[in-house]
Amino acid sequence: MDADATAQQRAAAAERAVLDRYLRRYGPVAWAHAAVPGRENPRTWHYWWHAHLLHVLADAETHRPDARRRRLIRRVARGVTLRTLGRWTTPFYDDIAWMGLALAESGRHPRALRKIARTLADAVDPTVGALPWRVDSELYNAPANAPGGMVLALTGRRTEAAGLAGWMASVLDDPSSHLVRDGIEHGVTRPELWTYNQGAVIGLELMIGGPALADPAHDEWSHIERTRALVRAVERWCADDDGLFPAAGGGDGGLFAGILARYLAQAARDLAKGPDAEGDVLARTARRLVARNADALWGGCREGLFPADPRRPARAEGDDLDLSVQLGAWITLEAAVGLERAVTS
């Protein structure tokens, strides 16, 4: 790939590759296949992956406004309406939280967003103080509570959102690495560390702590402190790999690193507004991590395919054929565009 391509050119190339390979248009609706031929069940429709497709299309529209893309966003949203029979929900609270964020970002279907927010608010278990992973589940995890908290904050339920952030900080934060562990089930902590959990918690803490960014005396400053701590923890986590995020393969894992990149880019923009030098240092750290991973993905791109692992070139087989992997790369490249725009605007 052209090493001199701008961040906008890279993101636009990733967008074209995803839409050309995976998207199918059927009159006024559209949706994406889960993979290209060579993977099992390539024509499968994934609700959670479509939440991220809608979200990254909205990112692209912010960065490169285009009437054709706006029409496509409407068609993809209609596709979700059709595939969910108008319900817009599933039994999985993590999935519907991500869809809620996509709807908020794209400005589509405000009634569906309100329904999702009510569903999430009603599902918080008062005896635990957290969202379960899905209906009738005993697993309470970061994948549900972090995006769920963001949806609640976006829809005016800041107190409930702060409660979910506090629960994760007290229960899921790993005392040794200061990263967010996956979840807890029947009193047993799941110790796995996933990139998307770090990103989503950063996003939630920034959303709640936004009013405190320039004022350490503000009541919400603790949320900015937790954001800073997570950026430091992610930097240490990735240090031995020269800043590259841990890879999680194909399937759902293909999206994980892109989600971290999106919210690190948000941290880079927001922490630079802080009142002290540490905020600037951590903003540069977050920016550097996003740029490092975007550069590696671009360098590994082959014939429009991005690798599931940025440590190697893409291959026309295996995990690299999954829609999720290509969406994850596209999300990372759009995150890099957001940082470039922040510098030049």
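Is Glu-303 buried or exposed? The legends below take that up along with some other close-ups of this predicted model.

**View 1. Glu-303 sits in the loop between helix H11 (277-300) and helix H12 (323-344).** Glu-303 is exposed, with a relative accessible area of 76%. Have a look at the backbone here too: phi of Glu-303 is near 55 degrees, a positive value in a residue other than glycine. Most residues other than glycine have a negative phi.

**View 2. Trp-88 is another residue with a positive phi, near 65 degrees.** You will find Trp-88 in the loop between H3 and helix H4 (93-106). The side of the story to note here is burial: Trp-88 has a relative accessible area of 4% and is buried, whereas Glu-303 is exposed.

**View 3. Helix H2 (residues 47-63) packs against helix H3 (residues 67-83).** Their axes are 10 Å apart, and the angle between them is about 165 degrees. An angle over 145 degrees counts as roughly antiparallel, and H2 and H3 are therefore roughly antiparallel to each other. The crossing of H2 past H3 is left-handed. The residues in this contact divide into 10 nonpolar, 1 polar and 3 charged. On the H2 side they include His-50, Leu-53, Leu-54, Leu-57 and Glu-61; on the H3 side, Arg-69, Arg-70, Leu-72, Ile-73 and Val-76 are among them.

**View 4. Helix H7 (residues 158-171) crosses helix H8 (residues 195-209) at roughly 135 degrees.** The two axes come within 10 Å, and the crossing angle makes H7 oblique to H8. H7 passes H8 in a left-handed crossing. From H7, the residues that meet H8 are Arg-158, Ala-161, Ala-162, Ala-165 and Met-168. Their partners in H8 are Val-201, Leu-204, Glu-205, Met-207 and Ile-208. Sorted by class, this contact holds 8 nonpolar and 2 charged residues, with no polar ones.

**View 5. Trp-330 belongs to the largest nonpolar core, a set of 115 residues.** Together with Leu-54, Trp-98, Met-99, Leu-120 and Leu-264, Trp-330 touches the most other members of that core. Which residues does Trp-330 touch, not counting residues up to four places away in sequence? They are Ala-11, Ala-14, Glu-15, Val-18, Leu-53, Val-56, Leu-57, Ala-60 and Arg-64.

Methods:
Residues are numbered from 1 along each chain as its sequence is written. This is a predicted model: local features need pLDDT of at least 70, side-chain atom pairs count only at pLDDT 80 or more; totals for chains, interfaces and linings use all residues. Side-chain values use heavy atoms; hydrogens and water are left out. A nonpolar core is a set of buried Ala, Val, Leu, Ile, Met, Phe, Trp, Tyr and Cys residues joined through side-chain atoms within 4.5 Å. Buried means under 20% relative accessible area, exposed over 50%, partly exposed in between (1.4 Å probe, protein chains only). Contact means heavy atoms within 4.5 Å. Axes are lines fitted to C-alpha atoms, for helices over the stretch in contact, and angles run from 0 to 180 degrees between N-to-C directions. Helices (H or I, at least four residues) and strands (E, at least two) are DSSP runs, numbered from the N terminus. Angles under 35 degrees count as roughly parallel, over 145 as roughly antiparallel, 65 to 115 as roughly perpendicular and the rest as oblique. A crossing is left-handed if the near helix is turned anticlockwise from the far one by less than a right angle, and right-handed if clockwise. Ala, Val, Leu, Ile, Met, Phe, Trp, Tyr, Cys and Pro count as nonpolar, Asp, Glu, Lys and Arg as charged, and the others, Gly among them, as polar.
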